[in-house]
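The sequence and the structure come before the discussion.

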Amino acid sequence: MIEWTGVILQGVLLGGLYALFAAGLSLIFGVMRLVNIAHGDLIILAAYLGLSTTMMFGVHPFAAALLVLPVMAGIGYVLQRGILNQTLGPDILPPLLVTFGLSVIIQNALLEGYSADPQKLSAGAIETASVSVGSLTVGLLPLLTFGVAVAVIASLQWMFYSTALGRGFRAVSDNQDIAQLMGLNKAHVFGLAMALALAVTGIAGILLGIRTSFDPSIGGGRLIFGFEAVIIGGLGNLWGTLAGGVILGVAQTIGAKIDPGWQVLAGHIAFLVVLAVRPNGLFPRVQH
Amino acid sequence: MSTPTVYRATRASRIAMIVAAFALIVLAAAPWWAGRADLRLMGEIFLYLSLACLWNLMAGYAGLVSVGQQAFVGFGGYMLFALTIFGGLHPITAILLAGLLAAVLSVPIASLIFRLKGAYFAIGTWVMAEVFRLTFAQISALGGGSGTSLPVGIVRSLASSRSGREALSYWLALGSAVLVIAAVYLFLRSRRGLALTAIRDSEVAASGLGIDIWRTKLEVYVVTSAFTAIIGGLIFLQKLRISPDAAFSVNDWTAFVIFIVVIGGIGTLEGPIIGTLLFFLLRETLADFGTIYLMVLGAVAIVVMLKAPKGVWGLIRDRYDLELFPLSYRIKLNDPKDI
Amino acid sequence: MSDPILSLTKLDAHYGDFQALYGIDMDIHTGEVVAIIGANGAGKSTLMRSISGLIRNTPDQVHLNGEAIGTLRADQVAYRGVALVPEGRQLFPSLSVEENLLLGGKVGRPGPWSLDAVYDLFPVLKERRSQASTSLSGGQQQMVAIGRALMANPEVILFDEISLGLAPVIIKTIYDALPGIIGGGMTALVVEQDISKALEVSSRVFCLQEGRVSLSGKTDHVTRDQITVAYFGVAA
Ligand SMILES: Nc1ncnc2c1ncn2[C@@H]1O[C@H](COP(=O)(O)OP(=O)(O)OP(=O)(O)O)[C@@H](O)[C@H]1O
Ligand SMILES: [Mg+2]
């Protein structure tokens with residue numbers, strides 16, 4: 001019994017990481033209805049940027065984040081204004097195929113630059129530290145990751161609903177033309193949304209890199225986890241996305257407990273079950 | 001008084017048909033004039049051409065943008081191995097049966113992932129492909145994660161000599177490409193095909209015309225799934241070895257196929273043909289550069305999508321008003337000077 | 001006469017292959033209230049969209065205070081002092097009443113209009129400030145749309161059919177508020193289906209017919225008959 005409680009707790013904490021994968025995806029879909037197929041590869045790119053920063057300056061990965069986050073945000077802004085804005089419109093093909101192309105480019109650029117060897121960010125003592133809750137011990141790093149996820153989602157939620165920037169995001173999402181009449185340059189607003197999304201992706205990439213080893217090919221899998229968290233939670237609901245991540249994480253750890261080969265498959269099955277039973281996700285956005 | 005006539009065939013399309021028929025005869029004779037490596041390459045080209053035509057039918061005509069067709073390629077491949085090894089079937093029977101099984105399987109899959117709209121549908125198809133990959137990796141009788149080879153006895157059952165097998169494998173690839181192109185062409189010319197074009201042009205208007213959109217899309221999905229599985233069977237009949245990573249590779253069976261169609265011209269029948277030729281031309285000249293080649297391919301696809309969304313064929317068609325497969329109706333006013 | 005604040009020169013507008021406006025010429029002076037009338041589909045909304053930058057033109061087709069603004073984006077035009085109250089209100093459904101108004105003030109131009117000033121003009125909005133904008137009645141929504149445009153403290157304000165679909169009392173409330181709005185030296189273009197309302201508030205009138213100006217002049221100089229001909233293209 002206590003063993004299973006531990007498994008579920010681990011799953012919940014893992015869900016924090018998946019929510020971080022998902023948050024950026026959810027944000028840009030909410031603002032501009034864009035689904036970025038390269039999202040997972042951008043997470044891996046952030047992990048590699050973290051790796052290079054730690055190696056170049058000999059700093060802790062958390063310190064590296066101070067550089068990686070703004071760089072990722074910058075990449076996001078330039079990417080959006082340079083390429084992705086041109087793909088937006090009623091036709092879904094251009095954004096899909098262009099981000100698919102980007103995914104292949106990023107993946108192979110990483111392969112070229114860093115080779116296919118698995119890498120890891122080393123964060124020192126925190127990786128093995130754990131805390132005891134009653135008779136359970138949980139890793140400090142997963143706990144920290146989950147805390148970061150909650151903090152990130154709370155800040156995104158606050159930004160979206162309580163700041164002028166968030167007001168702009170919602171307005172552009174509602175009606176691009178009228179938002180433009182209010183002095184919002186939608187190209188710039190979209191650029192900011194992507195910058196923010198990729199900054200979150202930067203956090204996700206660093207935490208992923210500390211937790212497990214990574215190589216250039218695993219981006220697609222991270223995109224899928226993020227996507228599953230978004231759909232399980234319900235489109236357009238950030239807290240739902242956290243819940244979706246948690247459900248996915250728990251499904252995976254339970255699957256892994258039964259048979260290690262079942263970890264990822266169990267997560268996919270949980271996703272398909274939700275899709276079959278509640279096609280709009282468990283917590284679809286409430287219309288106000 | 002001039003009476004307008006509506007027609008489809010053009011001079012260019014008639015010439016194209018004659019050239020194509022001639023080319024087909026030459027290609028069918030390839031085992032007698034081509035070397036072993038060339039024959040293999042040409043076989044691969046025809047299989048990619050088939051995959052491209054099928055993906056184009058889904059994405060370019062039915063608006064079902066899938067990035068998970070590797071699910072059915074791999075499924076077809078694995079069924080070939082399973083049905084021959086455990087069922088004792090002849091490889092060709094096994095491949096046909098694989099197509100049938102894929103069709104059956106694709107119905108419940110569609111009923112799930114059709115709930116996802118647009119781009120989310122795309123990622124949903126990918127999830128499905130991952131489910132397939134992970135499931136087949138669990139089947140130890142088929143080698144689990146490391147895969148398995150086709151037993152020699154089964155390979156021999158195709159033809160006794162190696163050159164005979166290679167020729168057969170080539171003809172199957174050529175035949176499937178011709179079959180797929182013909183099937184897609186005839187489908188698009190049929191009433192159902194017209195419905196599809198109507199849906200692509202406007203879903204709202206199409207449903208107003210009494211077209212059952214969901215059903216039409218489902219039919220396309222089921223038929224392409226079946227054909228894709230058959231092609232998958234042929235691909236792994238050529239390779240003689242299968243593993244989950246090779247069978248369900250998103251790069252090999254979806255990325256390349258998408259690049260072929262986008263570069264050639266999505267939503268046109270000619271596009272996949274031109275795209276396949278360009279793709280292999282690029283691959284044969286740049287393949288030594290490995291990752292760089294893939295980056296170039298991705299970049300070319302992005303530029304095409306942004307600057308010439310109808311692809312290379314779109315550029316040619318707009319420039320010369322050509323159509324090799326007469327699909328659109330043309331109206332001709334019978335002016336006296338024309339007669 | 002002084003230089004016009006807004007001037008249109010041979011303004012054309014297209015939707016794809018369809019041409020909606022043909023060579024419109026107009027000079028509007030500071031403080032004027034100009035009515036734009038015309039039948040459905042005459043091109044009135046298109047004219048509003050062209051001026052506000054939602055439809056791009058060639059540079060010299062639209063001048064604001066002497067500056068060529070024809071190719072500017074709508075957001076750039078907004079910063080220069082043009083605000084549009086769009087046809088059909090077009091509030092942001094995800095934003096509350098107050099957020100809609102605040103967004104209107106985004107351009108941050110100095111002037112008399114602020115949240116408080118808008119609430120003074122339409123007190124009912126203050127009561128509903130944190131409600132979702134879509135939960136208001138049509139007339140209240142129109143007040144938000146007007147307030148939102150005023151928040152920008154524009155030099156030129158464009159009203160596109162502000163009375164459309166509203167009950168007569170509400171129309172009266174809104175039109176009663178109009179002099180207070182425009183009195184501050186603002187220049188206004190008023191598109192209106194209700195011709196007598198349009199003539200009542202304006203000093204000059206332009207009638208559009210199939211994308212062309214079919215009549216223009218001082219409001220007190222044009223006759224009913226002239227308008228009928230200009231409006232329908234035939235004598236009634
Ligand atoms: N987005 C569009 N695409 C194509 N044609 C359009 C579009 N918007 C308007 N039109 C056409 O342009 C012409 C002018 O339309 P506009 O909306 O400017 O008319 P209007 O005078 O405002 O009419 P109403 O009194 O009905 O509001 C009409 O023929 C209309 O069909
Ligand atoms: Mg109008």
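A polar contact is a pair of N or O atoms within 3.5 Å. The model discussed here is predicted, and the distances below are computed from it.

**Ligand site**

The surroundings of ligand 1 comprise 14 residues; the closest are Gly41(C), Lys44(C), Ser45(C), Thr46(C) and Gln193(C).

| Residue | Atom of the residue | Distance to an oxygen atom of ligand 1 |
|---|---|---|
| Asn40(C) | side-chain N or O atom | 2.9 Å |
| Ala42(C) | backbone N or O atom | 3.2 Å |
| Glu87(C) | polar side-chain atom | 2.9 Å |

**Paired strands of chain C**

Strand β1 of chain C, residues 6-15, pairs with strand β2 of chain C, residues 18-28, in the antiparallel sense over seven bridges. Within this pairing, Leu11(C) has Ile24(C) in β2(C) as its bridge partner. The hairpin of β1(C) and β2(C) has two residues between the strands, and Gly16(C) takes a positive phi near 60 degrees there.

β1(C) is also joined to strand β4 of chain C, residues 62-64, by three bridges, and these strands run antiparallel. In that pairing, Leu8(C) stands opposite Val62(C) of β4(C).

**Interface of chain A and chain C**

The size of an interface is often given as the accessible area lost when the parts come together. Between chain A and chain C the buried area is about 1,900 Å², and carbon and sulfur atoms give 62% of it. Of the area that chain A buries against chain C, 36% is supplied by Arg167(A), Leu181(A) and Met182(A), more than by any other three residues. The contact involves 16 residues from chain A and 24 residues from chain C.

Which charged and polar pairs link the two chains? Two salt bridges are found across the interface of chain A and chain C. Asp177(A) forms a salt bridge with Arg49(C), with the closest N and O atoms 3.6 Å apart. The polar contacts between chain A and chain C amount to six residue pairs, both residues being at pLDDT 80 or more.

On the side of chain A that touches chain C, α6 (164-174) and α7 (176-181) of chain A each supply at least two residues. The largest share of that side, five residues, comes from α7(A). By class, the side of chain A that touches chain C holds seven nonpolar, five polar and four charged residues.

Definitions and conventions. Residues numbered from 1 in each chain as written. Chains lettered and ligands numbered in written order. Predicted model: local features only at pLDDT ≥ 70, side-chain atom pairs only at ≥ 80, totals over all residues. Heavy atoms only, no water. Contact = heavy atoms within 4.5 Å. Buried area = accessible area lost by both parts, 1.4 Å probe. Salt bridge = Lys/Arg side-chain N within 4 Å of Asp/Glu carboxyl O. Polar contact = N/O pair within 3.5 Å; in protein donor to acceptor, adjacent residues only side chain to side chain. Helix = DSSP H or I, 4+ residues; strand = E, 2+ residues; numbered from the N terminus. Nonpolar A, V, L, I, M, F, W, Y, C, P; charged D, E, K, R; others polar. Pairing = 2+ DSSP bridges. Near = heavy atom within 4 Å.
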